[in-house]
Amino acid sequence: MSTDTENVLPKNLTTAHTGVDAIMQNSTEVPESTVSDSVVESLRSGMRGPVILPEDPAYDTARRVWNAMIDKRPGAIARCTGAADVIHAVRTAREAGVTVSVRSGGHNIAGNALCDGGLTIDLSEMRTVHIDPQTRRAHVSPGATLADFDHEAQAFGLATPLGINSTTGVAGLTLGGGFGWLTRRFGLTIDNLLAADVVTADGRRLRAAEDEHEELFWALRGGGGNFGVVTRFEFALHPVGPEVLSGLVVYPFEQAPRVLAEYNESISKMPDELSVWAVLRKAPPLPFLPESIHGREVVIFAVAYSLELGDGMREIEPVRRFGDPIGEHVGRTPYSVWQQAFDPLLTPGARNYWKSHNFTRLSDGVITTIVDYAGQLPSPQCEIFIGQLGGTASRVAPDATAYPHRDASLVMNVHARWDQPTQDEDCIGWARSFFEAAKPYATGGVYSNFMTADELARTGAAYGANYDRLAAIKRRYDPDNFFHVNWNIPPARDGGAAGVG
Ligand SMILES: Cc1cc2nc3c(=O)[nH]c(=O)nc-3n(C[C@H](O)[C@H](O)[C@H](O)COP(=O)(O)OP(=O)(O)OC[C@H]3O[C@@H](n4cnc5c(N)ncnc54)[C@H](O)[C@@H]3O)c2cc1C
């Protein structure tokens, strides 16, 4: 096996892509399968779960992921039921020299959950979440979604920081870093990870924690799927809810420059218990908005306050005074309901293309750029999303975990989203052009979990100053780069990292 970046990356990422074709993987060409009959036989002889092949009726559903732009065709899909299946699948693929990809929640925008022609190790049915309320620990299987996690944890009034769309997989989200409404108060998802069971490239299952395979544990917290298949996560839990004070404050688009500037000013004064995210999009038909506004550009501030709810309104008050709102809906909401509030806007099956920047603040220049592009949304589903981090997440050292972007207090995600292939050119073009225009104001870092399929050149920026240490750990745990269908870190060569863009 090669450790050369050019050779280990999936074919569709190795060449320089500039056009729309680069991310439209909907080719009619059927990739050659490297999963031979004997490999299938061997997989089936040792697995409890099914092995799904291209000729099986379940195949097309099994290879579907959240982003409809992704149309990869694995040679086989090994649907695992437990760690034993994973160990068997890894050993079998490894012996036969078959490329593997790892799928948990299937939300990765770049489609890294699947591989063309190889074996997809599918964990999506391993969804058990066990909560220990005495020790405040969650033991989570890798196929669990955020909704699965919250459902179990909230039965005990507990939570850990996760993302804002409940159908996302806990596994991929955690391995990239993970942030959502509780991040400012309790840190990133990885800051709450206590241990993980990992099946490494040699087919062993290891436990990684602060006192066991410490370097591996460090690498898992932001280094993505490079180091093995995680079959169990252990998280710390915190008392949250059952209600939070949350909702939306909506401003007319004409006030966008002013309210975004006010937002920027207020960020440093907000308590950790409060998170305020900004969304610029065409207004959905929300009942608390005048009908005349539906379908027109607006600025939405989504707020969530999770501590003493009596104090919450006072903390949220400044958001209501950024300008003159045209509508708002803020009140006590069950935490698990708020965790699903954005699900209707983020359903699976649409075509999606994302571009993301990290910011330390919103300068006047970037606000002008944001407003300019939000005024040219190419489809009713496109939006500019600004997630707020900071707080506890920024008080962790950049080298304490593999996730390096502790300086990013705002993460902007340009969500281009549409339904028809005929809109590809317009929507992708808009996202790329906006991304370029906003670049001078950004930190240069990027959250790996928001990277789209044609962003190979940003891999180095995703791991930042932690890249060399990650490459050294990769050499120790996966010297042949068996796990390479991801934002890949080739193993360090003697004396240094293998190098990447
Ligand atoms: C609608 C939407 C909303 C989102 N919101 C947020 C948000 O609020 N906050 C946030 O932080 N992120 C968010 N994300 C990004 C999300 O964190 C990533 O898409 C993440 O990759 C999803 O994980 P998954 O398990 O669903 O993905 P998958 O596609 O199944 O996996 C992604 C990759 O992670 C690796 N991987 C997955 N499982 C394992 C495993 N068990 N062992 C080893 N490697 C594994 C593999 O390399 C795999 O290719 C969002 C994504 C979407 C689509």
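1. Let's start with what lines the ligand. By class, its shell holds 17 nonpolar, 16 polar and one charged residues. Here Ala, Val, Leu, Ile, Met, Phe, Trp, Tyr, Cys and Pro count as nonpolar, Asp, Glu, Lys and Arg as charged, and the others, Gly among them, as polar.

2. Before going on, keep in mind that this is a predicted model: local features need pLDDT of at least 70, side-chain atom pairs count only at pLDDT 80 or more, and totals for chains, interfaces and linings use all residues. Residues are numbered from 1 along each chain as its sequence is written, and side-chain values use heavy atoms, with hydrogens and water left out.

3. How many residues surround the ligand? There are 34, and the closest are Ser104, Gly106, Phe179, Val230 and Tyr447; a residue is near if one of its heavy atoms lies within 4 Å of the molecule. Strand E3 (100-103), helix H7 (170-176) and strand E10 (229-236) each give at least two residues to this shell, with H7 supplying the largest share, four residues. Helices (H or I, at least four residues) and strands (E, at least two) are DSSP runs, numbered from the N terminus.

4. Now for some atom pairs. Ser104 puts a polar side-chain atom 2.7 Å from a nitrogen atom of the ligand, while Phe179 has a backbone N or O atom 2.8 Å from a ligand nitrogen atom. Tyr447 places a polar side-chain atom 2.6 Å from an oxygen atom of the ligand. On its own the ligand has 960 Å² of accessible area (Shrake-Rupley method, 1.4 Å probe), and the protein covers 97% of that.

5. Arg79 pairs with Asp122, their closest N and O atoms 3.1 Å apart. That pair links distant parts of the chain, since Arg79 sits in strand E2 (residues 76-79) and Asp122 in strand E4 (residues 119-122), 43 residues apart. Both are buried, meaning under 20% relative accessible area, with exposed being over 50% and partly exposed in between (1.4 Å probe, protein chains only).

6. Asp148 and Arg127 form another salt bridge, at 2.8 Å from N to O. Asp148 is in helix H6 (residues 146-154) and Arg127 in the loop between E4 and strand E5 (129-132), so the pair ties together parts 21 residues apart in sequence. Asp148 is buried at 18% relative accessible area, whereas Arg127, at 42%, is partly exposed.

7. Finally, a network of salt bridges links Arg137, Asp197, Arg207, Glu212, Arg232 and Glu234.

Technical notes: A polar contact is a pair of N or O atoms within 3.5 Å; within protein, one must be able to donate a hydrogen and the other to accept it, and residues adjacent in sequence count only if both atoms are side-chain atoms. A salt bridge is a side-chain nitrogen of Lys or Arg within 4 Å of a carboxyl oxygen of Asp or Glu.
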